[in-house]
Amino acid sequence: MSSPLSSLYGNGPHVVIAGGGVAGLTTALSLHAAGFERVTVVEAAPAIRPVGAGLNLMPNAVRELDALGLLDALAAGALPTRELRYYHRSGGLISREPRGLGAGYRWPQLSVHRAHLQQVLAGAVRARLGAASLVTGVRVSGVEPLPDGRPRLRLEHRSGAARGRASLEPDVLVGADGIRSAVRAALHPGEGGPPWNGMLVWRGVSRMPARAVGSFMVVAGDNRQKAVVYPMSRPTGPDREVLVNWALARPADPGCCASGAERSRGDWDRSVPVETFLPFYEGWEFDGVSIPAVLRAADSAHEYPMVDREPLARWTHGRTTLVGDAAHAMYPIGSNGATQSIVDARALAHALALHGDPAEALAAYERDRRPAMTALQHANRRLGPEVVINLAHERAPHGFTDIHEVIPAEELAAIAGRYAATGAFDPATVNQGSPYEVPLPAVG
Ligand SMILES: Cc1cc2nc3c(=O)[nH]c(=O)nc-3n(C[C@H](O)[C@H](O)[C@H](O)COP(=O)(O)OP(=O)(O)OC[C@H]3O[C@@H](n4cnc5c(N)ncnc54)[C@H](O)[C@@H]3O)c2cc1C
């Protein structure tokens, strides 16, 4: 069978990236910026589709996207996140923190619809590396090492005239294929699916007048259920409407919503009516942001299990490594999953540019990134910075008049500071500039 992947010309090693999500597309762009010419992204979906909900990208990721020349395009469809507020279930304000430029970073934090981010990344891949570098409808179904250290990939073409199986033997393989990564499964056979912690996540996007959602990010709740809500676009139209991202979490009631098999696999993702969970949030209102009003304005809602991945002792096996969720999927806390995927991508390209031997490069990339990502995975299992809503609930279940009698200001600052230091996204570190710029040889 002829494969669209077989017609690759150019200099340097051939790098194949499994997965065209945030991690995979940013890896392709980072490799191109570092001077690599032969890069192919293999995406299982039939097309890069504008799907999903919202994301917050922290300034350390925005810095790397700026270095790739993408900040203007990204910012045109995003909203700077200026403030994060934590609230007690009863409505009391626990703390408010400036974010992005207001917190002293040289780069903004951005609230953005995933569809816009994917569109900017995929458009840049096609424009810079050529349309043939992004192949959709092809799934990586297996990987095995060759005697010379290169990986052999098994591919399934799922659509078009080339439907069938093929194989490919690139110089380097990057597994960017998400939390249920086939590349990771090949490197770590027997690991099984991502473990589920028994919580459900509901997620969606609403369109509402800007005045109804404020200009800040809300993280609210108690030790049982929480809500995250923020605007992610500038007001448009006569009603000054904005897109609003929301994500909710709550323990699953026994037998409420998933079959036994689904529960143990933890792999469902389905559309559900908002009415399924709306009653749990009646009366939730935070400085004028009504959670029920946000939910009633939703286009649709999706239900997922809250899953992460056990930290791995190794990401790299010879000339194959992992980036993004395939390497270090973590609970959606602290806006870090996609953020850190972008930093991974830049770190990997930098290592490949600096080391002549690809296996050494991948090992150097892993030494740079794995310890901090392991610490973040563990921190998110302890609720990361969001632990403040649990502390407030435990210490003052019925609310408070002065939060500092419940959680002293120093304790609040220490929790936020510790988390930022874990992920190396404190302002002092980020403002030093990207450590991943590759000096290209002068021309002429
Ligand atoms: C509720 C929620 C809120 C979140 N909020 C934030 C946030 O505010 N900020 C943030 O930074 N992160 C956030 N995240 C995390 C973020 O969504 C992920 O960390 C990020 O999408 C990971 O990107 P990725 O490219 O590694 O994986 P994915 O986005 O999962 O992309 C993987 C790609 O690989 C493809 N693929 C899969 N298997 C194969 C295969 N075998 N062969 C070929 N292709 C394959 C898939 O189709 C997909 O396109 C949130 C997550 C959730 C669940």
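Student: Which residues does Arg369 touch, not counting residues up to four places away in sequence?

Tutor: Arg369 touches Asp344 and Ala347, where contact requires the C-beta atoms, placed from the backbone, to lie within 7 Å. The C-alpha atoms of Arg369 and Ala347 are separated by 7.7 Å, with the two residues 22 residues apart along the chain. Arg369 itself is found in helix α10 (residues 358-381); helices (H or I, at least four residues) and strands (E, at least two) are DSSP runs, numbered from the N terminus. This is a predicted model, in which local features need pLDDT of at least 70 and side-chain atom pairs count only at pLDDT 80 or more, while totals for chains, interfaces and linings use all residues. Residues are numbered from 1 along each chain as its sequence is written.

Student: Why is Arg369 called buried?

Tutor: A residue is buried if 20 or more other C-beta atoms lie within 10 Å of its own, exposed if 12 or fewer, and partly exposed in between. Arg369 has 22 other C-beta atoms within 10 Å, so it is buried.

Student: What makes Pro397 count as partly exposed?

Tutor: Pro397 has 13 C-beta neighbours inside 10 Å and therefore counts as partly exposed. Pro397 is found in the loop between α11 (387-395) and α12 (403-406).

Student: What makes the phi angles of Ser335 and Leu383 worth noting?

Tutor: Most residues other than glycine have a negative phi. Ser335, not a glycine, has a positive phi of about 55 degrees, and Leu383, also not a glycine, has a positive phi of about 80 degrees. Ser335 lies in the loop between α8 and α9, whereas Leu383 is found in the loop between α10 and α11.

Student: Are Ser335 and Leu383 buried or partly exposed?

Tutor: Ser335 has 25 C-beta neighbours inside 10 Å, so it counts as buried. Leu383 has 19 such neighbours, and therefore counts as partly exposed.

Student: How do you know that helix α2 is mostly covered?

Tutor: Helix α2 (residues 59-67) has 7 of its 9 residues buried. They are Pro59, Asn60, Ala61, Val62, Arg63, Glu64 and Leu65. These residues pack against β3, α3 (71-76), β7 (110-113), α9 and α14 (427-430). Just after α2, Gly69 takes a positive phi of about 80 degrees.

Student: What makes the protein as compact as a globular protein of its length?

Tutor: The protein has 14 helices and 21 strands. The radius of gyration, taken over C-alpha atoms, is set against the globule rule, 2.2 Å times the number of residues to the power 0.38. The radius is 22 Å, close to the 22 Å that the rule gives for 444 residues, so the protein is as compact as a globular protein of that length. Its C-alpha atoms fill a box of roughly 65 × 50 × 50 Å along the principal axes. Of the 444 residues, 46% count as buried.

Student: Which residues have the most contacts inside the largest nonpolar core?

Tutor: They are Ile17, Ala18, Val125, Val183, Val218, Ala227 and Val229, within a core of 126 residues. Such a core is a set of buried Ala, Val, Leu, Ile, Met, Phe, Trp, Tyr and Cys residues joined through C-beta atoms within 7 Å. The largest share of this core, 10 residues, comes from α9. Val125 touches Leu25, Ala28, Leu29, Val41, Ser133 and Leu134, leaving out residues up to four places away in sequence.

Student: Which residues come nearest to the ligand?

Tutor: Among the 33 residues around the ligand, Gly19, Gly21, Gly178, Gly324 and Gly337 come nearest; a residue is near if its C-beta atom, placed from the backbone, lies within 6 Å. The element α9 gives the most to this shell, with 4 residues. The shell draws at least three residues from each of domain 1 (15-54 + 114-193 + 311-381) and domain 2 (196-232 + 242-307), with bounds from an automatic or database domain assignment.

Student: How many residues of domain 1 and domain 2 are in contact?

Tutor: 7 residues of domain 1 are in contact with 11 residues of domain 2. The centres of the two domains, taken over C-alpha atoms, are 29 Å apart.

Technical notes:
Two residues are in contact if their C-beta atoms, placed from the backbone, lie within 7 Å.
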